[in-house]
Amino acid sequence: MNKREETLIPKIGVITDVRIDTPDIKTFRVVTPDGKKAFDHQPGQCAMLSVPGVGEAMFSITSSPTNEEYMEFSIKKCGCVTDWLHQAEVGQQITIRGPYGKPFPVDDVFAGKNLLFIAGGVGLAPLRSVINYCRHYRDRYGEIDIVYGSRSKDDLLDYKEIIDEWATDAGVNVHLTIDNPQEGWDGHVGFVPNFVKELGFDTNKTAIICGPPIMIKFTLEGLTELGFDKTQVYTTLELRMKCGVGKCGRCNVGAKYVCKDGPVFRCDELDELPDEY
Amino acid sequence: MRKCSLDKIYSVFEEIAKTAKLYVPLDEKDGNAVYKQWEDGLEWSDALNTVRSPKDFFFPQMENLMEFKTEGKNIEVIDTRCETEDFVIFGVRACDVKSFEILDRVFLNEPVDSYYASRREKGVIVSTACSKPAETCFCKTFGISPEEPRGDVSTWKTESEIFFKANTEKGEALLRKIEAFTEECDETSVDEQKEKISRVMDRLPLKELSTDSFGGGKTDEFFNHPAWDELSEACLGCGTCTFVCPTCQCYDIKDFNTGKGIIRFRCWDSCMYSDFTKMAHGNNRLTQKERFRQRFMHKLVYYPENNDGLFSCVGCGRCLAKCPVSMNIVKVMKKIGGEQSE
Amino acid sequence: MQKITQNQLIDKAVSLLADGTVSAVLGWSKGEFGYDVTPKMFKTEKELRQDFVWNDFCGANFSKYLVSKTDRFDGKILVFLKPCDTYSFNQLLTEHRFDREKVYAVGIPCDGMVDVSKLKAVTGEGISEIKETSENILVSTIYEDKAIAVSFKDVLLERCINCKSKKHVAYDELMGDEGEIIDSARFDEVAKIEAMTPDERFAFWQNELSRCIRCNACRDACPACTCEKCVFDNPASGVENKAPANSFEEKMFHIIRAYHVAGRCTDCGECSRVCPQNIPLHLLNRKFIKDINEFYGEYQAGAEVGSRAPLVDYTTEDLEPGEVFDRRDIDA
């Protein structure tokens with residue numbers, strides 16, 4: 001028997017709660033069979049979840065590291081593994097391994113800064129971990145702004161948490177938008193990049209963006225127009241991953257492996273990568 | 001340095017095979033040489049090299065990683081790893097020995113790949129100096145010396161004798177095991193042999209090929225080079241180059257339902273394949289040009305950037321010999337590396 | 001040695017480029033050692049004069065390239081076709097895989113192409129120069145003082161030894177004769193395998209196919225394999241795989257592929273030419289061709305554009321499945 005540790009061999013995770021967030025996103029709560037958190041992580045890190053026989057895929061850990069009881073994953077239905085997970089019921093076991101990737105620099109770079117979170121659609125999932133971490137250690141950070149948009153009101157992830165918890169926090173400003181007008185919505189209507197420009201943020205902030213590639217691209221352009229430097233902006237990437245530890249070669253872009261050297265990148269670091277992510 | 005007469009080599013093989021699995025390049029009926037487990041009566045091939053590289057011994061084309069049993073909502077993970085038996089690979093060429101170092105930097109880097117590591121620990125590498133390199137050889141380009149192949153034991157073959165030199169403790173142990181068949185000798189014959197090889201190396205057509213233009217930090221310089229279109233236009237998108245390459249190490253992990261359980265296995269993958277980077281919602285390399293470029297950029301720029309300037313090519317020439325359209329790293333280096341590479 | 005010279009082809013290409021008939025030329029470009037030619041799209045006279053090559057190593061069948069090249073290139077493309085390539089050309093037209101209007105096909109005679117591994121079996125490694133005379137190939141190596149003369153006929157590719165036709169079945173222009181269909185012995189090897197007992201036959205294929213490394217070169221070079229998305233590349237198919245999952249799986253890949261191209265395979269031999277493991281894959285396809293000929297009458301895929309292949313053309317005279325079964329019993 002080979003007694004070495006092997007990262008590719010996963011642990012068992014049990015789904016203890018399934019929350020329907022939007023028509024195509026569910027949030028799964030996962031613990032080990034003995035009811036503990038599978039492993040510690042830092043904000044922005046990911047885990048490999050798998051359904052044996054179906055496949056394995058990388059997901060960002062949505063819950064905050066400060067939650068010591070369980071992990072949460074907000075998962076959009078868009079492929080084999082996610083389709084299967086969306087069918088899963090409470091009590092279903094899956095496998096889990098991690099944590100993988102470089103986290104957001106919450107304890108050094110972000111400390112003492114005003115933070116501007118900008119998310120589109122399911123892109124809020126990786127940021128939720130950071131937002132809740134920063135809310136937990138509220139006094140370590142300056143003002144927090146959260147700009148979040150989705151296709152419709154029904155597609156806004158974590159809506160209840162945003163309204164009931166985030167929006168009521170002191171020093172946290174929440175700005176929501178949806179793509180098209182909708183009955184029962186009296187908030188802002190329009191795409192996230194434009195909304196960011198309309199809101200016209202001061203450049204004394206560190207921005208953290210996550211969303212579809214096109215949204216990231218235009219938001220970054222908008223921030224640059226507002227006077228932000230790329231070194232003030234962080235984002236998180238998603239590419240095909242298999243091993244999670246920088247060996248299998250799939251997520252290799254330039255000299256970086258997104259699973260190991262990312263998924264969190266500062267936007268000026270992205271400029272050094274060839275344009276194929 | 002020790003030596004024995006070549007006609008005793010099969011006695012040496014027999015002795016080694018008593019305590020370890022011994023793999024030696026053997027000639028196949030189709031004319032290709034292949035590493036196979038040696039047994040009495042089989043003849044060590046004279047071929048320059050095997051079509052499949054010896055990377056298979058440490059990173060096999062397909063291997064089971066673990067098993068799962070599922071029952072209702074429950075899953076059991078079964079660690080199927082077992083201890084590798086001792087084995088010896090005999091007759092490895094200098095280029096292929098170097099390829100292990102390149103693979104080590106991937107698989108033995110933290111977190112260590114335990115599957116690879118356990119084979120690497122149990123394997124003893126006996127190299128053999130090349131006496132007749134092919135026109136497709138360009139190991140010198142990567143600073144490899146076919147006169148002085150590395151590995152746990154180095155060997156040199158002359159018309160009538162074979163010389164052994166241990167380079168590691170593992171190698172010394174192996175030489176002790178075959179001590180009865182060998183005798184102590186000086187290095188005169190080996191030095192002569194080395195000189196002979198050097199003279200041949202100087203006549204190889206690719207001897208001038210240089211890596212000077214390449215290396216880490218050159219992404220901007222080469223990524224948008226206009227020649228990628230032309231270089232990749234004939235590429236069929238098959239995986240021949242990656243699969244015969246001793247340093248290509250990308251892999252896929254997949255599940256296979258046997259009906260009795262689920263096996264999670266890994267297998268070689270190729271960046272040349274259209275689905276290599278395909279995700280549920282997109283693919284970041286849609287054209288063959290992008291996939292083709294990735295392979296060479298990885299070997300000549302990205303890998304050296306992460307590995308102290310070491311290139312991920314050993315000049316073995318397998319891709320030169322086997323690409324169905326004869327497009328290969330040499331043509332790429334000459335085209336985009338400019339005069340410095342020729 | 002080829003009847004037509006490299007310079008004749010270059011002159012032809014240059015003149016067709018100059019008079020505007022075509023705007024690109026699909027040809028072979030020079031390699032490092034004389035035998036390692038690479039397909040290339042030539043756009044200028046300078047490129048043609050510098051790099052275009054025509055010699056005994058121009059085996060690559062360009063027909064399949066026309067599918068992607070005509071799709072991505074706006075102008076008309078000149079393609080040089082050897083007789084066997086013209087069958088693939090027609091077959092692809094039958095399957096509507098490229099726009100005939102975008103191609104100017106020049107038929108060129110072929111005396112057979114050389115198998116580099118057979119050549120090296122005679123000369124050894126270390127080739128530094130190759131010259132061609134009418135009967136021989138003169139190979140200089142770094143190990144011999146004098147060039148080694150190898151008889152051209154002794155080192156031909158298998159498909160050329162058993163060449164089925166020197167006839168051009170498709171062209172806009174011919175350089176040289178139209179050529180004749182020839183009586184080949186190409187089914188002899190198939191007959192030998194048919195004569196084996198089932199156990200021997202199984203062992204034969206097991207030995208051959210167990211060497212497969214699933215590089216997919218056979219499929220990717222095959223002019224009959226032009227599916228936009230191959231089932232073996234589709235992760236959603238459930239059979240997508242890059243490695244033989246077990247000893248049976250690899251046979252399945254080749255057998256499924258042979259079935260898929262049955263009736264459409266022109267027997268161009270590219271599959272065996274490109275196989276890095278020297279697996280005689282063409283024998284699987286030839287078995288299908290032989291059977292189709294015996295069951296439905298002689299049929300050559302690609303002999304003409306638009307022909308109805310027996311397997312997709314029902315007639316009342318068609319063989320009943322039972323007859324095939326009975327025949328199998330007689331064979332065994």
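Modeller: Happy to! Two residues count as being in contact if their C-beta atoms, placed from the backbone, lie within 7 Å. Please keep in mind that this is a predicted model. By that cut-off, the contact draws 36 residues from chain A and 44 residues from chain B. On the side of chain A that touches chain B, the elements giving two or more residues are strand 4 (55-60) and strand 6 (93-100) of chain A. That side of chain A is made up of 14 nonpolar, 13 polar and nine charged residues.

With strand 2 (residues 38-42) of chain C, strand 1 of chain C runs antiparallel, and five bridges join the two. Here C:Trp28 stands opposite C:Pro39. C:Trp28 also has a bridge partner in strand 3 of chain C, namely C:Val53. That strand 3 (residues 52-53) is joined to strand 1 of chain C by two bridges, again in an antiparallel arrangement. With strand 4 (residues 77-81) of chain C, strand 1 of chain C runs parallel, and three bridges link them. In this pairing, C:Val25 has C:Leu78 of strand 4 of chain C as its bridge partner. To put the picture together, strand 1 of chain C is joined by bridges to strand 2, strand 3 and strand 4 of chain C.

How values were computed: Residues are numbered from 1 along each chain as its sequence is written. Chains are lettered from A and ligands numbered from 1 in the order in which they are written. This is a predicted model: local features need pLDDT of at least 70, side-chain atom pairs count only at pLDDT 80 or more; totals for chains, interfaces and linings use all residues. Helices (H or I, at least four residues) and strands (E, at least two) are DSSP runs, numbered from the N terminus. Ala, Val, Leu, Ile, Met, Phe, Trp, Tyr, Cys and Pro count as nonpolar, Asp, Glu, Lys and Arg as charged, and the others, Gly among them, as polar. Two strands pair if DSSP finds at least two bridges between them.
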